[in-house]
Structure formats: C-alpha cells, structure tokens
Amino acid sequence: MANLRQSDSIAGIDSGQRIRRKAMGVSALEAHPSLNYYVAGISENANVESVVKLFQFGQQRELVSYSTSGSNARLTRCRFDPFGTRFGASDMRGNLKIWKFDASQDSLKPVLSFNSNSAVTNDFVFLSSATLLATAGISGSGNNIGLWDTLMPTSKARVKAFSTGDTGAYCLGYSHRHRVLLSGGKKGEVYIFDIRQRCLRKTVSAHSNTVKSLSVDDVMGNLVSASTDGEIKTWDLNSFLLDLGASSTSTEGLARKGQIGAQVERSSGVSSYGTMQVAICNSRIFSCGVDGSLRRSTVFTVKPFAPSAGVASL
C-alpha cells in the first residue's frame, strides 16, 4: 500500500484505474496504520450477519472474519486506532463496535459495543488514543456528534455531545497537531470543534451538497473535503488555526488551496453519485467513486481566496 501511494509510475491510477477483488457487499474499508493488512466491512443482505474481514495486501482470500454478534445492520465505516491495537465499525442502526487487533480467539468478537446515535452512525474517529473517540451520525435529539471515553461505564461513556441541527453529521476528520475535530454536514458545511475547549469554533460553507468525506494531513497542514456532487477541495488548515478566537462562521483565514475536477459517477447503489471517500498522503489525494475507480491527484498550492458570503451564523 505504501508503494501504491508513493509510486509515480502507476499511470493507471491517475486516469481512474479500477482495482477489484471478489468480495460481495463491501461497505467500508480501512488499512492498518503500519502493517500490511486492511479490514473490510461486509453487509451482504438483511438475512446475513454483517462481518468485518481481515485481508493482507497481495492476497486473494481473507485471513480472519470478525463477528458483529449477530447484527445484520449495514456497516458504514471501519477505522483503526492510531497504534493499530484496536479497530471499530459503525452501522446504520447507530451502533459502534470495537475489536482488539491481536491473534487471540476472544478478539473475534467485539470487546465493546454501544449505541452512539439513535438513527445512524455515519463515521467515527479515534482521538490520538485507543480509548478516546468521536462519533458522527443522526440522532433525534440533534446531538449528532459525541465524544466518548471507552474506559468509562457505557452509561457514562459519552463525555460531550455537539448539535449540528436536524440534518445530521456525515463524516469526521481529526487534527492531532491542532486538537481540532472536523465534521461534514448535509448542506455542505464543515464544522470545526476545539477538543480541548470542547466547543464549536467555526462553521465554513465548503460545498453546495453533502460533505461525504474529510481527510487531514497534519504534516503539510492540508484539509481535503469531498462532497456528493463530486467536488474535491483542498484547504489550508494552518492559516485558519493561527487565530482561534470567538466562535465564528466566517471563512476568513481559511485558505482554499484548490479544487479538483468533479468525480461524478452514476450507479444504482447506496449513493447515486459523487465522491465516496477521500484520503491525503504525501501531498497526493486519493479518491474513489461508486464505480469502483481509484483516482490520484496532487494538492494545489495557490493564494488564499476571498471570504465567502452568505454563511449564516449559528
């Protein structure tokens, strides 16, 4: 995987190369942070238990299949903690399950399971720890984003909740360097939360449609956002975070570095079009659409743009 991300000789990726493997019902993928493995969340149909399967890069068959304890809910996201010792999966019923990543038989079942959103959990992210995490989804109460300490009893594990209105939260990104949590909204907003102060610091009108994926490059200070209309935009995160003053919805100080051409795909699948997931690594952006293609782009570097107008205050 590291070679795939860094190689300049793989011309096929730049033109939308399709990389395929026979695995039915895959709804989430995540690579191990340091080892040559990745996990796939598989939800074939409502009559079959959803599972998380472990694969090794370059191998055709799975190595291990992790149980979801009988749940048939469609899995929405898989993620490893920063150290690769645990991983989790969220689902369409608002649940989040955590497994240990080791060779013991007990690790095939979740070590932790709790309901993080009343309707659906779209995404979650570990906060520089194997036990602290954030979740994003849709809840009837409007508290769509939660901060969780999994060392606490389940009834007290949610230590903070944020409301992003009745439209829900659809994706998360986290900057360890700046200790900020970012979330994408249905109407194209990007919400920026200060984890240390546990408050909303800024709301940016980034897209005209639902923000589907966010990715942070702490080394270069880049934020990449992707939406269901196919747009992928890069932002200068450092220039905005130089001054986290009072809560604001202005885009002043948040420089947009560039925009990549729309990745619009038509499909009869879960989502009808747009960019499904985006990741940034070594100043290269990797994105995928519903047609199964993987595209690679380079981070733009241009002057900051003028503040956007028409961003409503919270």
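Tutor: Let us begin with strands: helices (H or I, at least four residues) and strands (E, at least two) are DSSP runs, numbered from the N terminus. Two strands pair if DSSP finds at least two bridges between them. In the hairpin of S7 and S8, 3 residues lie between the strands, and Gly94 takes a positive phi near 85°. Please note that this is a predicted model, in which local features need pLDDT of at least 70 and side-chain atom pairs count only at pLDDT 80 or more, while totals for chains, interfaces and linings use all residues. Residues are numbered from 1 along each chain as its sequence is written, and side-chain values use heavy atoms, with hydrogens and water left out.

Student: In what order do the strands of the open sheet stand?

Tutor: Strands of a sheet pair through backbone hydrogen bonds, either parallel or antiparallel. Here 4 strands form an open sheet in the order S6-S7-S8-S9, with antiparallel pairing. S6 and strand S9 (112-115) are the edge strands, each pairing on one side only. On average, neighbouring strands of this sheet are turned by 15° against each other, direction ignored; such axes are lines fitted to C-alpha atoms, for helices over the stretch in contact, and angles run from 0 to 180 degrees between N-to-C directions.

Student: How many bridges join S7 to S8, and which residue stands opposite Gly88 in S8?

Tutor: S7 and S8 are joined by 5 bridges, and Ile98 in S8 stands opposite Gly88. S6 also pairs with strand S7 (residues 86-91) over 5 bridges, Ser90 in S7 being the bridge partner of Arg77. Between S8 and S9 there are 4 bridges; Asn95 has Asn115 in S9 as its bridge partner.

Student: How many residues of strand S8 are buried?

Tutor: Buried means under 20% relative accessible area, exposed over 50%, and partly exposed in between (1.4 Å probe, protein chains only). Strand S8 (residues 95-100) is mostly covered, with 5 of its 6 residues buried.

Student: How many salt bridges does the structure hold, and which residue forms one with Arg77?

Tutor: A salt bridge is a side-chain nitrogen of Lys or Arg within 4 Å of a carboxyl oxygen of Asp or Glu. The structure holds 6 salt bridges. In one of them Arg77 is joined to Glu30, with the closest N and O atoms 3.5 Å apart. Arg77 lies in strand S6 (residues 75-80) and Glu30 in strand S2 (residues 26-31), so this pair ties together parts 47 residues apart in sequence. Arg77 counts as buried at 13% relative accessibility, and Glu30 counts as buried at 19%.

Student: Which residue meets Asp123 in a salt bridge?

Tutor: Asp123 meets Arg79, at 3.1 Å from N to O. Asp123 and Arg79 are both buried. Through shared partners, salt bridges join Glu30, Arg77, Arg79 and Asp123 into one network.

Student: Which residues touch the most other members of the largest nonpolar core?

Tutor: In soluble globular proteins, nonpolar side chains tend to be buried together. A nonpolar core is a set of buried Ala, Val, Leu, Ile, Met, Phe, Trp, Tyr and Cys residues joined through side-chain atoms within 4.5 Å. The largest core has 14 residues, of which Val125, Leu127, Ala134, Ile145, Leu147 and Leu181 touch the most other members. Strand S14 gives the most to this core, with 3 residues.
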